[in-house]
Amino acid sequence: PLVTSKEMLLKAQKEGYAVGAFNAENMEMVKAIIEAAEELKAPVMIQTTPSTVKYGTVETYAALVAAEAKKASVPVCLHLDHGSSFELAMQAIHAGYTSVMIDGSKFDFEENIALTKKVADVARALDIPCEAELGKVGGKEDDLEAEADTNTDPQEAKEFAERTGVTSLAVAIGTAHGFYAGTPVLDTERVSEIRQMVEVPLVLHGASGLSDDQVRECVKRGMCKVNFATELRDAYSKAVKETFAENENTIDPKAYGKAAIKAVKELVMYRMKVCGCDGKA
Ligand code: 13P
Ligand code: ZN
Ligand code: NA
């Protein structure tokens, strides 16, 4: 069924694993993610960014995920990823999203708090969990390009979480959106430090390109939600290209759609196991 992210993240925090959160662009990706969750009996979060909901609409994705989640035995949450404004967060909730992120990380500390609190207050009244971000995750996610990455300060994270009332917090520890040019250097010690100061579940962004051990280390130290986007798009597109390489006369979208679903499903199952959420539904 379609559920909020509240219980799945608190359960993950309590039991020491992370829920995988996977970005979807279309029906094939939604199906692949839910099939993976079903097969592994894992709770799952499907998320869409502002550019994705501009490609479709929040209503498009809400209807799609609601229809697919209804058939599932595992808990499925639909989350707005990197929500860019109060208005978009409200539109998503109104359309049926069961979790939202408001990303004010490009603003200074006080402005980030003001924007985040505004969204978190309304979300709480509507019983919808709210994620926010403090510190800067590197790379380019959507239209948001972060400058030289600034990792999250544990003391600031504590103050931020308390003053905003968010239910989960994305923190910067050296990851970046997209694939990495070299080997990413993560400040995993910082995850433990933040975990000691902050009560709400912590979120790791930019997980595409991290090694299994890096993800496991972050989860062990307190990350309760891990976001994967680029890897899924890559697997999807490679599968479509392979279909055409095998038969350039393919004309049925279902043919390459099925190949894409299979590739994305396999990747999601693999990443779920790394996060340790398999069997936790
Ligand atoms: P990647 O594209 O690096 O997996 O980052 C995903 C993410 O953080 C989505 O918010
Ligand atoms: Zn992100
Ligand atoms: Na990444």
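Helices here are DSSP runs of at least four residues and strands are runs of at least two, both numbered from the N terminus. With those labels in hand, welcome to the structure, which is a predicted model.

**Confidence**

The protein chain has a mean pLDDT of 96, and 96% of its residues reach 70 or more. For the model as a whole, the ipTM score is 1.00 and the pTM score is 0.97.

To see one pair in detail, look at strand S3 (residues 76-83) and strand S4 (residues 99-102), which run parallel and are joined by three bridges. Within this pair, Leu80 stands opposite Val100 in S4.

**Helix against helix**

Two packed helices are described by the angle between their axes and the distance between the axes. Here are two such pairs.

| Helix pair | Angle | Axis distance |
|---|---|---|
| H4 (residues 58-70) and H5 | about 35 degrees | 9 Å |
| H6 (residues 109-125) and H7 | roughly 35 degrees | within 9 Å |

The crossing of H4 and H5 is right-handed. Val58, Glu59 and Ala62 of H4 make this contact with Gln91, Ala92 and Ala95 of H5. Sorted by class, the residues of the H4 and H5 contact are four nonpolar, one polar and one charged.

H6 and H7 also have a right-handed crossing. On the H6 side the contact involves Phe109, Ile113, Thr116, Lys117 and Ala120, while H7 brings Glu156, Phe160, Arg163 and Thr164. The contact of H6 with H7 has four nonpolar, two polar and three charged residues.

**Around the ligand**

Which residues are the closest to ligand 1? They are His205, Ser208, Asn227, Ala229 and Thr230, out of 15 residues that surround ligand 1. At least two residues of this shell come from each of S3, strand S10 (223-228) and helix H10 (230-246). The shell around ligand 1 holds three nonpolar, nine polar and three charged residues.

Technical notes:
Residues numbered from 1 in each chain as written. Chains lettered and ligands numbered in written order. Predicted model: local features only at pLDDT ≥ 70, side-chain atom pairs only at ≥ 80, totals over all residues. Pairing = 2+ DSSP bridges. Near = placed C-beta within 6 Å. Nonpolar A, V, L, I, M, F, W, Y, C, P; charged D, E, K, R; others polar. pLDDT = per-residue confidence, 0-100. Axes fitted to C-alpha atoms, helices over the stretch in contact; angles between N-to-C directions. Left-handed = near helix turned anticlockwise from the far one by under 90°. Contact = placed C-beta atoms within 7 Å.
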